[in-house]
Amino acid sequence: MESTFNLNKFLKAMKKRKALIILVTLAFIVFSAVASYTIMKPVYQATTQILINQNTTGSQNFESLDIDTNLQLIGTYNVIIKSPAILGNVIEELELNDSVASLTERITVNNIESSQVVSLSVEDSSMEQAVLIANTTAQVFQREIQQMMKVDNVSILAAAEAGTAAKPIRPDPIFNMAIGAIVGLVFGVGITLILEQLNTTVRTEEDIEEMAGLQILGVVSPVDSKLKMEKPLNLTNRLEKDIHGDNEKDKAVNAAKIGGSY
């Protein structure tokens, strides 16, 4: 027989096993919280801002053409900052254990709203280390770009600083617990549906109709096991019971007649 989704049956199953669903959901929330606070390592981010601007001295005039040229160079600078020529010097100066590839993955370079300001961000498990790498990378880039492209248009606008109350950007315990609650709820509902499918016990008339494909014509009422049924009497006992009953009736009639004669 073709099975269809029964919303009423589904809701009854959810209500029946709501304790299981709540327990599974809470288990996932607790696991997410423990993982966020103890297992996952915190990741901090430090950001340095670099200004791309042609220096103007003496009789040089600062024109809009210079700005357009600098904006066109920003894309090239973004690539150069993360190149081995720059990061190799950073690793050597700071004596880092990272390779150029691993350090590149932790550095992000963005142009701020199509301006001449480049944002250089570094991620690390230590806020102090992230600040040191970000500032050193900016300084090395400012020094090396003069030799690479024979220009002096890079200056550090704002160096990265380690605040007293620096907060990690990852992990986010609240977000992880919310995800854990959703996953736990889905997992609990899934377990409930599986248990309902594996349970082949016939509980209602609808189950019989669904399994047999036949319509129920009648239902036998349940008998209370606590009720005592009298044993059937044999012929002799029946006769004695009838004679005893007749004698009781005669006595009641005679008593009524005697009482009425006075």
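Predicted model: local features only at pLDDT ≥ 70, side-chain atom pairs only at ≥ 80, totals over all residues.
**Entry 1: helix α7**

I started with α7, which runs over residues 173-198 and has 26 residues. I looked up its reach from first C-alpha to last and got 37 Å, close to the 38 Å expected at 1.5 Å a residue. Next I asked which residues of α7 are buried. My list holds Pro173, Asn176, Gly180, Gly184, Gly188, Val189, Thr192 and Glu196. What covers the buried residues of α7? I found that the cover includes α1 (7-16) and α2 (18-39).

**Entry 2: α1 against α7**

I then turned to the packing of α1 on α7. Their axes lie 10 Å apart, at an angle of about 110 degrees. Angles of 65 to 115 degrees count as roughly perpendicular, so α1 is roughly perpendicular to α7. On the α1 side I noted Phe10, Ala13, Met14 and Lys16, which meet Val189, Thr192, Leu193 and Glu196 of α7. I sorted the residues of this contact into five nonpolar, one polar and two charged.

**Entry 3: Thr137**

My last stop was Thr137, in helix α6 (residues 127-149). Is Thr137 buried or exposed? Thr137 is buried, because its relative accessible area is 0%, and buried means under 20%. Leaving out residues up to four places away in sequence, I found Thr137 touching Ile81, Ile86, Leu87, Val90, Ile107 and Leu120.

Methods. Residues numbered from 1 in each chain as written. Heavy atoms only, no water. Helix = DSSP H or I, 4+ residues; strand = E, 2+ residues; numbered from the N terminus. Expected span 1.5 Å × (residues − 1). Buried < 20%, exposed > 50% of the residue type's maximum accessible area, 1.4 Å probe, protein only. Contact = heavy atoms within 4.5 Å. Axes fitted to C-alpha atoms, helices over the stretch in contact; angles between N-to-C directions. Parallel < 35°, antiparallel > 145°, perpendicular 65-115°, else oblique. Nonpolar A, V, L, I, M, F, W, Y, C, P; charged D, E, K, R; others polar.
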